[in-house]
Amino acid sequence: MSNRTEENKSSNQGIRTHEIVKAGLHRRRAAEIRFKAYGFICIVAGLGFLMVLFGNIIAHAWSAFEQTYVALDVTFDESALDPEGKHDAASLASADYPALLKRSLAAMFPEVKDRLEKRSLNALLSSGAPYELRRILENDPALLGKTERIWLPVDDDVDMLVKGQIDRDIGEGDRRMKDYQIAWIDKLIAAGRVEKRFNKQFFTSGDSREPEMAGIWGALMGSLFTLMVTGALSLPIGIASAIYLEEFAPRNRWTDIIEVNINNLAAVPSIVFGLLGLAVFINFFGLPRSSPLVGGLVLTLMTLPVIIIAARSALKSVPPSIREAALGIGASQMQTVFHHVLPLAMPGMLTGAIIGMARALGESAPLLMIGMVAFIVDVPGSLTDPSTVLPVQIYLWADSSERGFVERTSAAILVLLAFLITMNGLAVYLRKHYERRW
Amino acid sequence: MRHPENIPTSASFSRDHIQTVGNIFVKDARIECRSVDVFYGEKHAIQDVSLGVGRNEVIALIGPSGCGKSTFLRCLNRMNDTIPGCRVSGEIKLDGQDIYAEGLDVVPLRAQVGMVFQKPNPFPKSIFENVAYGPRIHGLASNKLELEEIVEKSLRRAGLWEEVKDYLRHPGTGLSGGQQQRLCIARTIAVNPEVILMDEPCSALDPIATAKIEQLMDDLREHYTIAIVTHSMQQAARVSQRTAYFHLGKLIEVGETAQIFTNPRHQLTEDYITGRFG
């Protein structure tokens with residue numbers, strides 16, 4: 001009897017629970033759907049911003065990969081280039097090429113008489129056009145004495161006009177190009193003498209005051225050398241430190257202090273490392289200012305904590321059963337670490353290392369402090385030549401007033417991003433490669 | 001209701017008797033432990049345990065969870081050194097030499113006293129590499145042919161050769177649980193130890209794999225001394241010649257396996273074996 005009432009009570013309670021749960025189910029489901037929607041909106045917003053950012057950069061950078069060239073009929077007049085008839089390289093190198101160009105332009109526009117107007121006419125060509133002419137003659141000395149149609153780069157203002165960046169409608173006083181200059185350009189375009197070609201200059205030359213002559217090769221080389229120094233120093237030191245701290249160091253107060261300090265250093269503003277580099281490397285040790293060597297040393301100091309932390313956490317993630325198995329058959333501590341733990345921790349270490357290096361690639365503040373903000377024209381050839389790096393180059397160009405530098409800044413940003421994406425792609429590939437082996 | 005205290009006792013030594021009952025030491029012992037204490041920080045995990053392990057015998061260490069049998073086992077090849085805060089005092093002698101002596105190198109010790117763990121942990125390398133690693137680092141083989149011979153011999157002794165001889169380059173982690181554990185046993189015997197310690201080797205395996213490994217232990221007894229920690233009393237009864245019963249860090253009783261399981265002399269041993277607690 002008593003058993004039965006107990007049964008009823010428990011089954012009654014069963015029904016009640018079920019009803020209560022059902023009643024609240026609607027609200028719970030609604031909350032879940034809302035949460036998922038928030039997450040989705042956040043992702044879409046993030047991607048949207050990313051697309052706007054990239055779209056903006058690409059839209060500006062697109063035109064930088066093309067350079068306008070104009071075709072001129074140039075007579076390689078022997079009497080002007082080589083009056084003494086020496087026919088050797090030295091005299092050809094120092095010949096008066098601008099004169100040839102002026103003559104060619106005068107021949108095409110005979111109505112231009114005024115001196116000021118003549119200057120404006122000659123200014124249509126890039127200041128690097130004479131050097132281009134010299135290069136062509138040096139490659140093919142047989143041209144001497146002949147008349148050839150040569151394609152030459154135009155000045156950055158003309159380049160901007162042809163690319164449509166200069167507004168033709170605003171008053172002449174507000175424009176860089178005068179009305180008659182625009183008329184000449186239009187005439188040349190109508191004659192089919194103007195065309196846009198791939199801007200090789202951008203990828204092969206160093207910085208320049210003239211936008212059409214400016215390129216990122218100098219900054220690229222500087223970045224490469226600096227990263228080489230950073231990698232060569234921070235990777236071995238960082239990984240070795242992490243292995244020592246994680247596997248061999250005793251756990252006592254000193255190692256605790258070291259760990260706290262490393263974590264703090266990883267968060268120090270990077271410009272502080274630049275000040276340190278200035279005071280210690282340049283003032284005390286007397287290393288060459290603005291060189292990739294000093295830049296690399298400063299960036300090493302900055303990347304070291306990041307690499308140590310990433311490597312340590314990779315080592316911690318190796319299961320202790322592997323260590324025990326190795327120790328159990330009599331492997332020494334060194335053998336256990338290098339034969340078993342390290343290969344398993346390698347993917348994590350590599351990822352951390354490459355992320356650290358990618359961060360170093362994009363740093364400009366500490367390098368400004370050690371002098372890499374100077375205007376460097378020559379492409380650095382060694383670790384001690386003065387150089388600049390890509391982020392700093394972007395900053396310098398962004399600061400320039402010429403219109404031509406606007407598109408080149410965006411193009412340089414694209415090159416930097418391509419560099420970063422390649423490095424991250426390499427990190428992903430290396431991780432997959434090492435993970436697959438096990 | 002049935003309470004343990006209510007049931008009439010038959011063992012000669014009551015539950016309060018703290019001295020170890022039975023023949024602790026044996027003649028011509030491989031391992032001799034005297035007054036071993038192990039502390040994990042403040043916790044006194046092993047209290048004044050003395051035990052002898054004879055040559056070529058299988059001794060089973062049994063007892064309820066947390067009684068310290070694995071801790072004691074790990075003392076025998078100094079694996080407790082890897083645990084921070086673990087202190088071992090007392091004397092443990094392997095073939096007459098104190099393994100906790102000052103300046104003793106643990107590397108050759110662990111080559112002499114091998115260990116098989118509860119969860120099979122083959123290296124994430126090929127089967128061949130797993131077995132060959134030990135002989136290689138200790139320099140037991142002078143050329144490739146000798147190494148291959150050692151690997152084959154170890155795999156045969158572990159009863160795994162027929163199953164894997166065509167797959168030696170395959171990863172060791174691709175084997176089944178029972179095969180992995182036999183691979184770990186092969187790996188251990190490849191360095192030619194004198195003693196093999198087994199810490200609940202079959203607890204993660206199915207009955208058939210367990211039976212294979214128990215059969216293996218009988219074959220291994222010919223060449224090695226084996227100490228096995230086990231939760232299963234039936235397994236202890238099947239494989240061992242002597243059994244030691246641990247309870248809350250103390251060694252309660254030691255004796256011939258048959259005697260322990262049919263006629264235990266200490267009350268706590270009888271309580272455990274008859275299943276009053278476990």
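Domain bounds here come from an automatic or database domain assignment, and the structure to which they apply is a predicted model. For chain A, that assignment gives domain 1 (2-62), domain 2 (65-205) and domain 3 (217-437).

The C-alpha centres of domain 2 of chain A and domain 3 of chain A are separated by 46 Å, and the contact that joins these two domains draws nine residues from domain 2 of chain A and six residues from domain 3 of chain A. On the side of domain 2 of chain A that touches domain 3 of chain A, at least two residues each are supplied by α7 (156-162) and α9 (200-204) of chain A.

Between the chains, the contact involves 20 residues from chain B and 15 residues from chain A. On the side of chain B that touches chain A, two or more residues each come from α2 (106-112), β6 (113-116), α3 (127-138) and α6 (177-190) of chain B, and of these α2(B) gives the most, with four residues.

The table sets out the residue classes of two of these contact sides.

| Side | Nonpolar | Polar | Charged |
|---|---|---|---|
| Domain 2 of chain A, touching domain 3 of chain A | four residues | three residues | two residues |

Helix α10 of chain A (residues 217-248) has 32 residues, which at 1.5 Å a residue should span 46 Å, and the 45 Å between its end C-alpha atoms therefore agrees with that expectation. Within α10(A), a kink of about 25° lies at A:S234, shortly before the proline A:P236.

Conventions. Residues are numbered from 1 along each chain as its sequence is written. Chains are lettered from A and ligands numbered from 1 in the order in which they are written. This is a predicted model: local features need pLDDT of at least 70, side-chain atom pairs count only at pLDDT 80 or more; totals for chains, interfaces and linings use all residues. Two residues are in contact if their C-beta atoms, placed from the backbone, lie within 7 Å. Ala, Val, Leu, Ile, Met, Phe, Trp, Tyr, Cys and Pro count as nonpolar, Asp, Glu, Lys and Arg as charged, and the others, Gly among them, as polar. The expected span of a helix is 1.5 Å times one less than its number of residues. The bend at a residue is the angle between axes fitted to the seven residues ending there and the seven starting there.
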